[in-house]
Amino acid sequence: MTTLADRRWTLLRFLTPAMGVSLPMLIAYSPIAHAELGQARTDFGGIGLMQTPTARMAPLGDISLNHSHVSPYLRYNISFQPMDWLEAGFRYTAITNQDYPASSDPGRSYLDKGIDFKLRLLKEDRDSPAVALGFRDFGGTGLFGSEYLVASKRWYNFDFSLGLGWGYLGAGGGIDNPLSALSDRFDERSSENPEEAGDFEFGNLFSGDMGLFGGVEYQTPWSPLTLQLEYDGNAYRSEPFDSPISQDSPVNLGARLALNDNISLSAGWERGNTAMFGITFRGNLAGVSQPKTNDPLPATLQAAPRHTTRDWDKVTADLQDNAGMRVRRITRDDDELIVEAEATKYRSMLESEDRANRILNNHTAENIGTYRYRWQSVGMSLRDDVHDRQAYLNAASSAAHDQQYHYGLYASALTQPSDIPPSGDVLYQSNLDQFTWSLSPGLNQNLGGPDGYLYQLYAKLDAEYRTDPNGWFSGRAALNLADNFDDYEYVANSQLPRVRTNINRYLEETSLGIYNLQYTRTMRFGQDWYGMAYGGLLEMMYAGAGGEVLYRPFNSPVAFGVDLNWVKQRDFDQRFDMRDYDTWTGHATAYIETGIEDVLAQVSVGRYLAQDVGATFDLSRQFDSGVRIGAWATLTDAGDDYGEGSFDKGLYVSIPFDAFFSESSRSSTTIAWQPLTRDGGARLARRYTLYGLTQDRDMGHYWDDYDQLWK
């Protein structure tokens with residue numbers, strides 16, 4: 001499993017196509033553009049009007065990139081809709097009238113980071129409005145911290161909203177807080193403290209005076225244009241850093257123009273004296289896909305031959321090229337043909353097996369009645385998928401037999417693989433010895449620190465040599481193409497060992513480095529136990545050795561793993577010399593498929609690279625498209641030693657390659673956002689994990705593509 005930094009490709013190449021945006025779309029206006037009512041993005045990102053949110057939600061899987069400028073604030077926002085009822089986003093705000101004290105550049109504006117959440121409480125119906133509860137700037141500095149309750153109701157071409165806000169959203173309201181009757185803590189709201197960036201200020205939630213906000217959006221007869229009118233609940237007397245802003249009117253006016261379905265422009269007049277301009281790019285990750293026009297057509301079903309083929313080299317080549325199976329062994333046991341293979345091409349196992357059924361049917365005599373696919377991953381058996389040949393042929397030829405095959409009345413879809421090698425006649429065997437390589441671009445980046453946006457663009461050469469089914473050498477070399485890490489000057493004061501914050505030294509002192517060079521072996525201990533051991537240059541900054549054990553019951557929503565590693569810090573030239581620092585690091589991890597809207601929860605407890613001890617919490621949701629959106633947070637005993645940010649956290653989007661290309665692929669790339677590079681909560685970036693290598697252990701959405709088989 002590659003590091004997050006190494007797996008980051010450029011945002012323009014991967015995220016923009018995922019949103020349905022291409023270069024011509026950036027410069028061409030579409031006359032059929034339609035500005036969907038209730039889908040405008042606020043100055044803060046997320047669905048709303050200008051300064052204020054509404055109870056509206058984006059479609060499931062929606063992602064938007066938004067930039068707004070209303071002096072003295074420049075805001076850069078990204079918002080996700082991971083569930084129907086949940087909107088989440090993060091934001092950078094440049095406060096142009098404040099310097100960044102930590103930066104060596106006296107002209108650099110203060111940069112604030114914030115995380116937002118909005119939860120739908122009620123759906124709109126004929127008589128009732130939609131209602132949502134929201135949290136703005138939650139877990140950041142709290143400079144713009146707010147909580148709110150808002151309702152929205154549509155009436156013909158108008159969408160009305162009315163809300164009640166605490167904190168920044170309600171700073172001008174002066175309405176006594178009724179929650180004060182429950183506790184004195186609701187009487188007053190503490191002021192923001194930029195020095196405590198990253199803390200969760202739970203004591204401030206719903207505290208202090210309240211204020212009303214609201215407004216209306218109007219869909220004009222010209223479909224690309226909507227108009228907005230809002231009442232802003234903030235009086236701008238208590239702005240960050242005690243810098244009040246003049247407000248001539250609490251009423252804001254705005255307009256939004258949709259250039260096409262993915263791009264819109266916004267403009268407004270806010271506070272009665274200030275212009276606002278913004279641009280929004282949006283798309284949907286839940287349904288992103290490309291027609292697979294470059295995939296080979298499935299083989300045409302033919303009548304079974306009189307005799308089973310002896311040319312198994314040709315059959316295995318067809319299985320590789322057409323069915324995406326790297327075959328290790330084919331065995332015949334009485335009337336059953338057992339194919340042991342690794343999946344290499346299609347994310348859908350059912351699609352691979354359908355293609356393989358066709359190939360095997362055309363090369364095997366009628367006395368073979370069952371095809372058993374024993375799926376493996378780097379030598380570890382994961383599951384057996386068993387297909388009754390006649391049931392498959394009946395379903396392919398007649399809809400009357402379709403449901404019988406679908407629901408497994410005559411074919412068992414999944415079974416636990418046996419620990420005993422298959423008996424019978426071995427018809428084909430390969431040790432899978434082979435050398436593979438690839439050349440691709442990579443991006444290291446850091447955004448949100450005092451030094452601004454830092455990047456390194458590099459070319460990476462990956463190579464792998466399989467010594468046997470369970471062992472392989474892997475390596476990665478990286479050639480620096482362009483970077484601005486010379487600007488990386490601010491390294492925060494910390495009592496922790498410098499386990500990550502010397503990243504600039506690794507990038508400055510060599511243009512050609514070895515990011516990875518290791519040997520890895522896997523094993524299967526029994527029905528539900530898997531193991532892995534590895535050693536070498538494990539990542540850009542660390543060499544060492546380690547191992548992992550994973551308990552993953554067959555088709556179970558729960559798995560448990562433990563990894564333990566001894567590592568030594570590598571020299572800055574990224575060759576074979578070492579520095580003085582070494583440590584033990586490792587974690588016990590629980591993986592839980594919650595069963596709630598395809599959400600995977602991961603909880604890891606252990607020791608981190610800086611010898612701090614704590615836990616990492618990771619929640620992610622995978623859509624049918626294969627795209628996974630997630631967030632993580634790490635809390636350790638580093639305490640005040642951690643420095644700015646208080647704890648490690650971030651968001652990520654993992655996108656399958658075949659979402660962009662016309663050929664199927666099981667590979668993916670990850671785009672991650674981490675506000676700061678710090679030493680606390682830093683984990684070893686292991687290239688492989690057993691949970692990732694055994695992902696086909698679960699049935700997952702096996703039957704989801706069934707209706708596509710016969711088209």
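This is a predicted model: local features need pLDDT of at least 70, side-chain atom pairs count only at pLDDT 80 or more; totals for chains, interfaces and linings use all residues.

Q: Why is the contact between Arg466 and Glu342 called a salt bridge?
A: The rule asks for a side-chain nitrogen of Lys or Arg within 4 Å of a carboxyl oxygen of Asp or Glu. In this pair the closest N and O atoms are 3.0 Å apart.

Q: Are Arg466 and Glu342 buried or exposed?
A: Buried means under 20% relative accessible area. Arg466 has 1% relative accessibility, so Arg466 counts as buried. Glu342 has a relative accessible area of 7%, so Glu342 is buried as well.

Q: Why is the pair Arg697 and Asp528 also a salt bridge?
A: The closest N and O atoms are 2.9 Å apart. The limit is 4 Å. The pair therefore passes.

Q: Where do Arg697 and Asp528 sit in the chain?
A: Arg697 is in the segment after helix 9 (690–693). Asp528 is in the loop between strand 21 (512–524) and strand 22 (529–537). The pair links distant parts of the chain, 169 residues apart.

Q: How do you know whether Arg697 and Asp528 are buried or exposed?
A: Compare each value with the cut-off of 20%. Arg697 is at 0% relative accessibility, so Arg697 counts as buried. Asp528 has a relative accessible area of 17%, so Asp528 is buried too.

Q: What does the salt bridge between Arg686 and Glu548 tie together?
A: The closest N and O atoms of Arg686 and Glu548 are 2.9 Å apart. Arg686 lies in the loop between strand 30 (668–673) and helix 9, and Glu548 lies in strand 23 (residues 542–551). These parts are 138 residues apart in sequence, so the pair ties them together. Arg686 and Glu548 are both buried.

Q: How many salt bridges does the rule give?
A: The count comes to 35. Some are linked in a network, which includes Arg56, Glu124, Lys153 and Asp159.

Q: What makes the buried residues of helix 6 lie on the same side?
A: In helix 6 (residues 389–397), the buried residues are Arg389, Ala391, Tyr392 and Ala395. They cover an arc of only 165 degrees around the axis, which puts them on the same side of the helix. Helix 6 packs on a sheet, where it touches strand 15 and strand 16.

Q: Which strands are the edge strands of the open sheet?
A: The sheet has five strands in the order 16-15-14-13-17, with mixed pairing. Strand 16 (380–388) and strand 17 (425–429) are the edges, as each pairs on one side only.

Q: How do you know that strand 5 and strand 6 pair?
A: Pairing needs at least two bridges. Seven bridges join strand 5 (residues 130–136) to strand 6 (residues 146–155), so they pair, and they run antiparallel.

Terms used
Residues are numbered from 1 along each chain as its sequence is written. Side-chain values use heavy atoms; hydrogens and water are left out. Buried means under 20% relative accessible area, exposed over 50%, partly exposed in between (1.4 Å probe, protein chains only). Helices (H or I, at least four residues) and strands (E, at least two) are DSSP runs, numbered from the N terminus. The arc is that of the directions from the helix axis to the C-beta atoms. Contact means heavy atoms within 4.5 Å. Axes are lines fitted to C-alpha atoms, for helices over the stretch in contact, and angles run from 0 to 180 degrees between N-to-C directions.
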